[in-house]
Amino acid sequence: MDMDQLIKDMQGKTVHIMSPKYLDAILKSCEILLERDTLISGFIRILKYKDYFLTQETSDKNELILRLYNSREEADALVADHLDTYDQMWDGCGCKVDYYS
């Protein structure tokens with residue numbers, strides 16, 4: 001996995017969708033700053049590569065969902081929002097995580 005090319009490909013995109021087969025290579029290339037089990041859709045993570053922060057999660061369609069951020073605070077905000085939604089889903093609220101925006 002060429003992480004520099006991946007970062008370049010992610011520039012200007014809200015969401016980058018990949019096959020889950022790339023997950024191990026991405027995790028080996030990045031520092032894992034945060035990792036939480038959603039209990040519904042696998043792990044949600046904050047990763048660091050050079051000066052970039054990425055969030056990684058798996059969609060309900062088993063897609064690898066990546067987002068690129070310039071700050072840890074932005075990545076933390078997305079993860080907190082999604083973890084809150086997962087908690088509500090666990091409680092049966094009927095809500096869903098929006099993986100694509």
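Modeller: Take Arg 72 and Asp 76: their side chains form a salt bridge, 3.1 Å from N to O. Keep in mind that this is a predicted model. Both residues sit in helix α3 (residues 72-90), 4 residues apart, so about one helical turn separates them. Arg 72 is partly exposed at 27% relative accessible area, and Asp 76 counts as partly exposed too, at 30%.

That pair is one of 4 salt bridges that turn up in a search of the whole structure. Another joins the side chains of Asp 4 and Lys 50, with 2.9 Å from N to O. Here Asp 4 belongs to helix α1 and Lys 50 to the loop between β3 and β4, so the bridge ties together parts 46 residues apart in sequence. Asp 4 is partly exposed at 39%, while Lys 50 is exposed at 53%. As for helix α1 (residues 3-10), it lies across β1, β3, β4 and β5, at about 80° to β5.

Then there's Glu 57 with Arg 67, again a side-chain salt bridge, at 3.1 Å from N to O. Glu 57 is in strand β4 and Arg 67 in strand β5, so this one ties together parts 10 residues apart in sequence. Glu 57 is buried, with a relative accessible area of 1%, and Arg 67 is buried as well, at 2%. The two strands sit side by side in an open sheet of 5 strands, ordered β1-β5-β4-β3-β2 with antiparallel pairing. Also in strand β4 is Thr 55, which is buried at 1% and touches Arg 67, among other residues.

Methods. Residues numbered from 1 in each chain as written. Predicted model: local features only at pLDDT ≥ 70, side-chain atom pairs only at ≥ 80, totals over all residues. Heavy atoms only, no water. Buried < 20%, exposed > 50% of the residue type's maximum accessible area, 1.4 Å probe, protein only. Contact = heavy atoms within 4.5 Å. Pairing = 2+ DSSP bridges. Axes fitted to C-alpha atoms, helices over the stretch in contact; angles between N-to-C directions. Lists of a residue's contacts leave out its neighbours within four places in sequence.
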